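Hi,

Here is the structure I said I'd pass along.

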Amino acid sequence: MSVSSNNLEPQFQVLRKAYYLERYPSLAARLDRLRRVKAMLTEHESAWCEALSQDFGYRSADQSSFADITTSIKSVNHALKNLKFWMKAERRTPDLSLRMSGAKTYVEAFPKGVVGIVSPWNFPINLALSPLVSVLAAGNRAFIKPSEATPATSALLEKLISQYFTDDEVAVACGDVDVAQAFVKLPFDHIIYTGGETVAKHIMRDAAENLVPLTLELGGKSPVIVSSSADLKLTAKRIAFGKYFNAGQICIAPDYLLIAEDRLEAFLLDLKSAVEHADSSQGSADSVSIVNERHRQRIDYLIAEGESANARVMRFSGHNQSAYQLTVVINPSADAGINNSEIFGPVLLIKTIGDLSEQIAYINQSSHPLVIYYFGRSETEFRRVARETSSGGLVKNDVIFQYANDDLPFGGVGGSGMGKYRGEYGFKEFSNNRAVYKSGIVDVSGFVTPPYSGVFRMVNK
Ligand code: NAD
């Protein structure tokens, strides 16, 4: 069913009523819903890829297939395999005090109810469906608000969801900001939002009215530490991948790189050959465009402003005319916007800071990043980075691939977000993890009667 801002509330009530009628879907019912998510992906792969390409201007079918389709199918498979274990109650050890003797205690996950999913444009399928997998695995009903910046993909999502799910299982509300604003005012049992920080603050204020719990998957500037022990060729190859993949429009893309002055030129040469190699072996067919003119202008502006703030700017060869050239902005002065704004495109900021203590101090000046990338061979350094910084994730000698592991939690900390999902973490995030306490059959309550002072002294020992 097609949902506009006028019928958001009735559609929400359809989902809520269904939740009240089936508060604890069986394992079989949940597996069936997950299999339908998978079928919706596999049976329409080319339609999804075409819609994505239409929305981006150009987006290689291979990249779409890998990033949006395969990654989402992997998440479904992971849930299909593990759900029966996640649903098992977790036993807890009761306190050994007399009053609790014989008690049984455990934690059991129950669905929260109706979960709202507000998703962005950069991976419009995966960032709607990956949360959906966790939401359905946890036994909830779902209502999705996809991004208006990718209208063809959002329309296809709406159409296919209505083919594969009844409107009391999963619904989609397409539309612009008006719809989004009305959507997050609904009295959901949980909302997961993926997007920028400014909108996240609006959503928090709206959700506060109904005390709706939130998972916020935001952005931020993810730094790359290049240690003196780093293999520069490997580093350059992986950074080139991180900046080319989806044209760098990835929340966990390497944003800026910290490297010693005396290693900079060698790194730039390696980066150039990594880009040239990618160009010659993959060619224009494998590229992705900047999603729209507004974002293209935003990226142009960040580079131009950096250039006028005394940065050295280098442009490496681009895949084709619609794609953006990989651009490196080196050492702009402190007032340049690129130092503080998330780049979210195929541009790499480089700062020549080589000493690990100074690199850590630089990272710690700003809000907690979504990820910190460390390139180097030293485990001691890596442990130092772990202990002396804070971020949603921490990665050694690679970029982005941490997301491909469904067994790892995904999310930010501080300014890069709150809450974690995917795999078991997603199941728990969208569950009410209920504490269950069953008293022992022997009545020892006579011990806990006034005067309490003696009892408390006994318990506290
Ligand atoms: P966007 O413009 O597509 O917006 C995201 C969603 O928010 C859309 O569905 C939109 O309709 C909705 N929205 C817009 N205004 C709203 C409002 N006032 N109230 C409620 N909802 C509203 O996406 P974007 O914000 O441009 O996304 C890019 C940002 O997302 C970047 O900062 C990126 O780092 C971040 N991001 C984070 C992750 C993550 O998992 N942490 C993943 C991808 C993107």
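Let's start with a helix pair: the axes of H2 and helix H5 (residues 126-137) come within 9 Å of each other and cross at roughly 165°. That makes the two helices, H2 and H5, roughly antiparallel, and their crossing is right-handed. On the H2 side the contact uses Arg30, Arg33, Leu34 and Val37, and on the H5 side Leu129, Leu132, Val133, Leu136 and Ala137. Sorted by class, the contact of H2 with H5 has 7 nonpolar and 2 charged residues, with no polar ones. Before you go further, keep in mind that this is a predicted model.

H2 has another partner. Helix H2 covers residues 27-42, and its axis comes within 10 Å of the axis of helix H4 (residues 61-86), again with a crossing of roughly 165°. H2 and H4 are therefore roughly antiparallel too, since an angle over 145 degrees counts as that. Which hand does the crossing of H2 and H4 have, left or right? This one is left-handed, while the crossing of H2 and H5 is right-handed.

The contact list for H2 and H4 goes like this:
- from H2: Leu27, Arg30, Leu31, Leu34, Val37, Lys38, Leu41 and Thr42
- from H4: Ile69, Ser72, Ile73, Val76, Ala79, Leu80, Leu83 and Lys84

By class, the residues of that contact split into 11 nonpolar, 2 polar and 3 charged.

Another helix pair to look at is H3 (residues 45-56) with H6 (residues 151-164), where the axes are 7 Å apart and the packing angle is about 150°. H3 and H6 are therefore roughly antiparallel as well. Ala47, Trp48, Ala51, Leu52, Gln54 and Asp55 of H3 meet Pro151, Ala152, Thr153 and Leu156 of H6. The residues of this contact come out as 7 nonpolar, 2 polar and 1 charged.

Now the sheets. One is open and has 6 strands in the order S5-S4-S3-S6-S7-S15, with mixed pairing. Strand S5 (170-172) and strand S15 (417-418) each have a single partner strand, so they stand at the edges with one side left without a neighbour in the sheet. S5 runs parallel to strand S4 (residues 141-145), joined by 3 bridges, and Ile144 stands opposite Val172 of S5. Helix H1 (residues 8-21) lies across strand S3 (114-118), S4 and S5, and runs at about 160° to S4.

There is also an open sheet of 3 strands, ordered S1-S2-S16 and paired antiparallel. Its edge strands are S1 (90-92) and S16 (431-438), each pairing on one side only. On average, neighbouring strands in this sheet are turned by 30° against each other, ignoring direction. S1 and strand S2 (residues 104-111) are antiparallel and joined by 3 bridges; Glu90 has Val107 in S2 as its bridge partner.

Finally, the ligand, which may be where you want to begin. How many residues are around it? There are 30, and Ser147, Ala180, Gly195, Gly219 and Cys251 come nearest. Helix H7 (177-183) and helix H8 (197-209) each contribute at least two residues to this shell. In terms of class, the shell around the ligand is made of 15 nonpolar, 11 polar and 4 charged residues.

That's the lot from me.

Cheers

Technical notes:
Residues are numbered from 1 along each chain as its sequence is written. This is a predicted model: local features need pLDDT of at least 70, side-chain atom pairs count only at pLDDT 80 or more; totals for chains, interfaces and linings use all residues. A residue is near a molecule or strand if its C-beta atom, placed from the backbone, lies within 6 Å of it. Helices (H or I, at least four residues) and strands (E, at least two) are DSSP runs, numbered from the N terminus. Ala, Val, Leu, Ile, Met, Phe, Trp, Tyr, Cys and Pro count as nonpolar, Asp, Glu, Lys and Arg as charged, and the others, Gly among them, as polar. Axes are lines fitted to C-alpha atoms, for helices over the stretch in contact, and angles run from 0 to 180 degrees between N-to-C directions. Angles under 35 degrees count as roughly parallel, over 145 as roughly antiparallel, 65 to 115 as roughly perpendicular and the rest as oblique. A crossing is left-handed if the near helix is turned anticlockwise from the far one by less than a right angle, and right-handed if clockwise. Two residues are in contact if their C-beta atoms, placed from the backbone, lie within 7 Å. Two strands pair if DSSP finds at least two bridges between them.
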